[in-house]
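Hello,

Here is the structure I promised to hand over. Please have a look, then read my notes below.

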Amino acid sequence: MYTPHVCGGRGRGSHYVPCCAGWVGPTVLLCTYGFCSMMRPIEPFMTEFLTGTYKNLTSEQVNRQVYPVWTYSSLFLLIPVLLVTDILRYKPVIILQGLSYVAAFVLVLFGSGVHLTQLAFFCYSIAMAADVAYFSYIYSIVEARYYQRVTSYVRAAILLGQGAGALLAQLLVSLGGVPLYCLASLTLISVSVALITSIFLPMPKTRIYSAEQGFSVEDSNVPDRQDFSVRVKCLTAAEHVGRMFRRLALDCKESYSSVAVVFFCIWAATGKCGFYQVASYIQLFWQQIQPRNFTAYNGGVDTISDLSGAAATVAVGHISLEWSVWGELVLGGFTLLIAGVIFLMDLSNNIWISYTCFTLFKTLYLPLTAICTFQIAKTLSRKRYALVFGVNSFVATVLQSVLTATVINTKSLKLTITSQFLIYASYFAAISLPFTVRGVCTVLRMKRPSGGNQAEAANDRPEGSRP
């Protein structure tokens, strides 16, 4: 029987026919959304905006009462958002993310006082938790053959948005003398465009986690679905959620069955925790050490660090190396370099040295996350990628909450911002030790396998790396 070639569907011989309805259209819309949602010119100068004449908050209030809100909120929001994302099939959660960004920057612009600023960062935490929908959506729309291509486009859109926002902010502040209030207004406009774009995203027809459950309302034995009672609907939903949890538990067990994958996931979570702590409080650190009447170049530093990090990430993708053997040693060694860079930044009171160290910090961190990502992805099917991404993000948020509560919100310590960065440097140094030790052991074992050690070494390697 002849099957017509439908745009974005399958034609004769089950050949996929790509077009705007297949993968190009959704990818362009999602990339547009990602670019606009991440082009936030106010962010490089957020601390200066909050502590300046616009909001009149003190550095102490921003450090201990405002910034920690999004960390603690993300801890409680991440897992529910991950589960709801699959049930609602991604698009509604992406729209929720856009709404949260708009609400956050409306409050930043027009709100005043600590409580409204905290509410703004709570809305921001909802948007951050919804990132899992952004990264998972495209896999439910396109054919598997296009995964690598669309993944690069989607991630590039985010990076370009961040770089464009930071560069625009620096140019407007340094050359145009534009007030920070205008940067906040431009940010609100950008995230509003992102929200409008999200409405036009096509609705996925399948779910990642629920697709194999065999659950649907149509499968119910009740003849007249319109006569469902509220109780029956609740029981059906509860059954569906129970199935999903059982499936998630099974997927977690299978995803983390490899010791090597577990180690890469540990670095992904701990590294993300440390990165966000440094990136979140770096503006307070710079404000502490910069000279009087100094023109801040936060936006320029963010732009250069994003571009250098992107270049380093691309370079990693073209390096021919047996990452299953050398990956952990590379992670351990470069994490130790990150710790050294933060130590140098903390010990120096020179703003330009601090700018340089932060650029190096970001340039070193971003390619390491790429190594973890593709090493983990080698062992996963597409339906588990979002799960592992969500679990790693949740663990990172838990660690970040603990670190924030210990370092920032412990009243008995009352650590200065420079003391906090000394702890962050020590944190990265501690992370580097187990990875360096295990990396050395892995290299020695893989280079000189003997007898029974060959089977043990093979079991430690990710499945995608085995011959």
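At what angle do helix 10 and helix 12 pack, and how far apart are their axes? The angle between helix 10 (residues 259-289) and helix 12 (residues 323-347) is about 20°, and the axes lie 12 Å apart. Axes here are lines fitted to C-alpha atoms, for helices over the stretch in contact, and angles run from 0 to 180 degrees between N-to-C directions. So helix 10 is roughly parallel to helix 12. Angles under 35 degrees count as roughly parallel, over 145 as roughly antiparallel, 65 to 115 as roughly perpendicular and the rest as oblique.

Before going on, the ground rules. This is a predicted model: local features need pLDDT of at least 70, side-chain atom pairs count only at pLDDT 80 or more, and totals for chains, interfaces and linings use all residues. Residues are numbered from 1 along each chain as its sequence is written, and side-chain values use heavy atoms, with hydrogens and water left out.

**Overall**

The protein has 16 helices and 0 strands. Helices (H or I, at least four residues) and strands (E, at least two) are DSSP runs, numbered from the N terminus. Of the 467 residues, 51% are buried. Buried means under 20% relative accessible area, exposed over 50%, partly exposed in between (1.4 Å probe, protein chains only). Take the contacts (heavy atoms within 4.5 Å) with a separation of 6 or more: 82% of them join residues 24 or more positions apart.

**Helix 10 and helix 12**

The crossing of helix 10 past helix 12 is left-handed. That term applies if the near helix is turned anticlockwise from the far one by less than a right angle; clockwise is right-handed. On the helix 10 side, the contact includes Phe263, Phe264 and Trp267. On the helix 12 side, Trp323, Glu328 and Asp346 are among the residues. By class, this contact has 11 nonpolar, 2 polar and 2 charged residues. Ala, Val, Leu, Ile, Met, Phe, Trp, Tyr, Cys and Pro count as nonpolar, Asp, Glu, Lys and Arg as charged, and the others, Gly among them, as polar.

**Helix 1 and helix 8**

Helix 1 (residues 24-38) and helix 8 (residues 180-199) cross at roughly 160°, and their axes come within 7 Å. Helix 1 is therefore roughly antiparallel to helix 8. This crossing is left-handed too. Leu29, Thr32, Tyr33, Cys36 and Ser37 of helix 1 make the contact, with partners in helix 8 including Ser190 and Val191. The contact counts 7 nonpolar, 5 polar and no charged residues. Among the buried residues of helix 1 are Gly25, Tyr33 and Cys36.

**Ser125**

Is Ser125 buried or exposed? Ser125 is buried, at 0% relative accessibility. Its place is in helix 5 (residues 114-129). Beyond its neighbours within four places in sequence, Ser125 is in contact with Trp70, Ser73, Ser74 and Leu77.

**Two loop residues**

Lys378 sits in the loop between helix 13 (351-377) and helix 14 (382-407). Lys378 is partly exposed, at 39% relative accessibility. Lys378 and Val261 are 117 residues apart in sequence, yet 9.4 Å apart in space, C-alpha to C-alpha.

Asn56 lies in the loop between helix 2 (46-51) and helix 3 (59-88). Asn56 is exposed, with a relative accessible area of 56%. Its phi is near 60°, a positive value in a residue other than glycine. Most residues other than glycine have a negative phi.

Best wishes
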